[in-house]
Amino acid sequence: PAERGRIHPISQVIDEIAAIFGDMGFSIAEGPDIETDHYNFTALNFPVGHPAREMHDTFFLQAAEGNEAKLLRTHTSPVQIRTMEVQKPPIRIVIP
């Protein structure tokens, strides 16, 4: 019978790297793909007016009235901030 499919090569490499780091004592940290301005920029000291905050570099989502604006996470640093808020050092994480 024909094969139905297989794991994408990039997913396979990510899984292998995560396993290698897991064997060295690292844990896998995950966070939301839709993030707040605070975690994506402010907590990382990106000042207002920084080029990374521009519309051509970041995908902003329409905020419901009275809610904080959301955006698509642009890097893994917000996950680092979230991890540091709930975990004491030393922190050994991998954020695939």
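Mentor: Before we begin, two strands are said to pair if DSSP finds at least two bridges between them, where strands (E, at least two residues) and helices (H or I, at least four residues) are DSSP runs numbered from the N terminus. The model is predicted, so local features need pLDDT of at least 70 and side-chain atom pairs count only at pLDDT 80 or more, while totals for chains, interfaces and linings use all residues. Residues are numbered from 1 along each chain as its sequence is written, and side-chain values use heavy atoms, with hydrogens and water left out.

Trainee: Which residue meets Arg-82 in a salt bridge?

Mentor: A salt bridge here is a side-chain nitrogen of Lys or Arg within 4 Å of a carboxyl oxygen of Asp or Glu, and for this pair the N to O distance is 2.6 Å. Arg-82 lies in helix H3 and its partner in strand S2, so the pair ties together parts that are 47 residues apart in sequence. The partner of Arg-82 is Glu-35.

Trainee: Is Glu-35 buried or exposed?

Mentor: The cut-offs are under 20% relative accessible area for buried, over 50% for exposed, and partly exposed in between, with a 1.4 Å probe and protein chains only. Arg-82, at 29%, is partly exposed. Because the relative accessible area of Glu-35 is 1%, Glu-35 is buried.

Trainee: How far apart are the closest N and O atoms of Asp-33 and Arg-73?

Mentor: Asp-33 sits in the loop between strand S1 (27-28) and S2, whereas Arg-73 sits in the loop between S4 and H3, 40 residues apart. Asp-33 counts as exposed at 54% relative accessibility, and Arg-73 as partly exposed at 22%. The two form a salt bridge in which the closest N and O atoms are 3.7 Å apart.

Trainee: Which residue has its backbone oxygen 2.8 Å from a polar atom of the Thr-83 side chain?

Mentor: Thr-83 lies in helix H3 (residues 77-86) and is buried, with a relative accessible area of 10%. Not counting residues up to four places away in sequence, Thr-83 touches (heavy atoms within 4.5 Å) Ala-29, Ile-91 and Ile-93. The backbone oxygen in question belongs to Val-79.

Terms used
Polar contact = N/O pair within 3.5 Å; in protein donor to acceptor, adjacent residues only side chain to side chain.
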